[in-house]
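Colleague: I'm new to reading protein models. Could you walk me through this one?

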Amino acid sequence: YGKQWYQRRVRVLLEEHLAVHKKPKCFRCDFCCKRFNSCKNASRHRLKCHTVVTYGRKWWVCRECNGVQFPKAEDLIDHVQENHYKGGEGQDNTAVTFCCPTCGKVYNKESTFEAHIKECDPENIRD
């Protein structure tokens, strides 16, 4: 195998890798605004980022509230809907948070969100 074969192989591998990032992200995390291109990746994210094991028991964690823990996933979903969305019970639960499309971080203030966007990915600067 020569240098040309190696360069072609690297190019093919890079193209395959970039194709993964271009796939539509249809699977949403129930606890934050991150999206994933497969159910498996979304499940892995939920378990890795939204759970913690304490004394042998798995707890579901709210990352917006400095690690407040819940015994069931449903409890965390209820908490997120009640505390991180506007509107009360029976009202429209439209999100008042701003979500970074690059890293998935969530912000309550638009000014903080705009500052983050500029640092995280300069190409995402909104008009």
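**Reading a strand and its hairpin**

Modeller: The chain has four helices and seven strands, where helices (H or I, at least four residues) and strands (E, at least two) are DSSP runs numbered from the N terminus. This is a predicted model, in which local features need pLDDT of at least 70, side-chain atom pairs count only at pLDDT 80 or more, and totals for chains, interfaces and linings use all residues. Residues are numbered from 1 along each chain as its sequence is written, and side-chain values use heavy atoms, leaving out hydrogens and water.

Colleague: How do I read strand pairing, and how many bridges join strand 3 to strand 4?

Modeller: Two strands pair if DSSP finds at least two bridges between them. Here, strand 3 and strand 4 (residues 57-62) run antiparallel, joined by four bridges. Thr54 stands opposite Arg57 in strand 4. Two residues lie between the strands of this hairpin, and Tyr55 takes a positive phi near 50° there.

Colleague: Is Thr51 buried or exposed?

Modeller: Buried means under 20% relative accessible area, exposed over 50%, and partly exposed in between (1.4 Å probe, protein chains only). Thr51, which lies in strand 3 (residues 51-54), has a relative accessible area of 12%, so Thr51 is buried. In the chain of 127 residues, 21% are buried.

Colleague: Which residues is Thr51 in contact with, leaving aside its neighbours within four places in sequence?

Modeller: Contact means heavy atoms within 4.5 Å. With those neighbours within four places set aside, Thr51 is in contact with Arg46, Lys58, Trp59, Trp60, Val61 and Arg63.
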